[in-house]
Amino acid sequence: MNNRKTTVNRSKRLAAKEKKIRILAGAALAVIAVVITVVLLTCGKKEEYRSLYGLPDYVTEDYITVNQYSRPKIPLEQVNAIVIHYVGNPGTSAQANRNYFDGLSKQSGEGATYASSNFIVGLNGEVLAVVPISEIAYASNNRNSDTISIETCHPDETGKFTDETYTSLTELTAWLCVRYGLSSEDVIRHYDVTGKLCPLYFVEHEDAWTAFKADVQTAIDRLTAQAQTTQAED
Ligand SMILES: [Zn+2]
């Protein structure tokens with residue numbers, strides 16, 4: 001009787017052990033499958049889209065129609081500065097401003113508006129490339145021919161940028177500085193070109209402008225260090 005009981009208990013224990021092993025093996029297989037899927041998806045994503053101009057992946061390229069009023073297709077032969085603007089139209093999105101520039105192509109006759117920008121940073125930090133960096137945009141008057149322009153959206157009349165907008169603007173400006181071998185000293189306001197109150201908040205708050213340029217320099221230094229690490233790993 002006792003013996004039989006022991007045997008039954010042992011086989012029960014063996015069954016429980018096997019069950020445990022099967023569960024563990026199943027879990028291990030599931031983990032491996034998830035890891036493989038993530039690796040495949042990550043690699044696939046990198047292959048998926050590559051900018052013609054080597055722009056960072058947070059930039060959406062949505063170029064406007066070639067036309068004499070906003071995208072004259074004149075080659076931009078040198079870049080000596082990055083010019084920061086604000087759209088001056090509170091609450092409008094990057095897409096709406098892009099479409100406005102695109103719509104200028106439908107003008108004709110006298111009193112036409114000539115306006116555009118290479119980039120637009122939106123209220124949620126989204127970044128649109130609307131005139132290629134190889135072409136001049138109509139944004140910065142007599143500096144159109146040797147600068148890249150960035151238009152920036154803002155929620156209200158003060159012209160102050162949201163945190164999301166500010167972060168993207170800082171990153172994009174820094175990336176452009178690295179690309180063209182510039183420093184934060186080469187980042188200027190539309191105001192510095194013509195005296196126009198643009199970007200308004202950075203004209204009325206000199207301290208905010210100084211802080212922005214310092215943030216750009218920090219981002220430039222970080223991107224430069226990252227590029228050096230990547231090179232060292234190649
Ligand atoms: Zn401006």
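The model is predicted, and local features need pLDDT of at least 70, side-chain atom pairs count only at pLDDT 80 or more, and totals for chains, interfaces and linings use all residues. Residues are numbered from 1 along each chain as its sequence is written.

The protein is divided into domain 1 (1-48) and domain 2 (59-233), with bounds that come from an automatic or database domain assignment. The centres of these two domains, taken over C-alpha atoms, are separated by 55 Å. Along the principal axes, the C-alpha atoms fill a box of roughly 110 × 40 × 40 Å. The radius of gyration of the protein is 28 Å, whereas a compact globule of 234 residues would have one near 17 Å; this quantity is taken over C-alpha atoms, and the globule rule is 2.2 Å times the number of residues to the power 0.38.

Buried residues make up 31% of the 234 residues, a residue being buried if 20 or more other C-beta atoms, placed from the backbone, lie within 10 Å of its own. Two residues are in contact if their C-beta atoms, placed from the backbone, lie within 7 Å; among contacts between residues at least 6 apart in sequence, 71% join residues at least 24 apart.

Leaving aside neighbours within four places in sequence, F119 is in contact with V127, L128, A129, V130, I150, E151 and L172.

Helix α3 (residues 163-179) has 17 residues and reaches 24 Å from its first C-alpha to its last, close to the 24 Å expected at 1.5 Å a residue, where the expected span is 1.5 Å times one less than the number of residues. Its buried residues, among them L169, L172, W175 and L176, pack against β2 (81-84), β3 (119-121), β4 (127-129), β5 (147-152), β6 (187-189) and α6 (206-233). The helix is followed by G181, whose phi is positive, near 65 degrees.

Terms used. Helices (H or I, at least four residues) and strands (E, at least two) are DSSP runs, numbered from the N terminus. A residue is buried if 20 or more other C-beta atoms lie within 10 Å of its own, exposed if 12 or fewer, and partly exposed in between; C-beta atoms are placed from the backbone.
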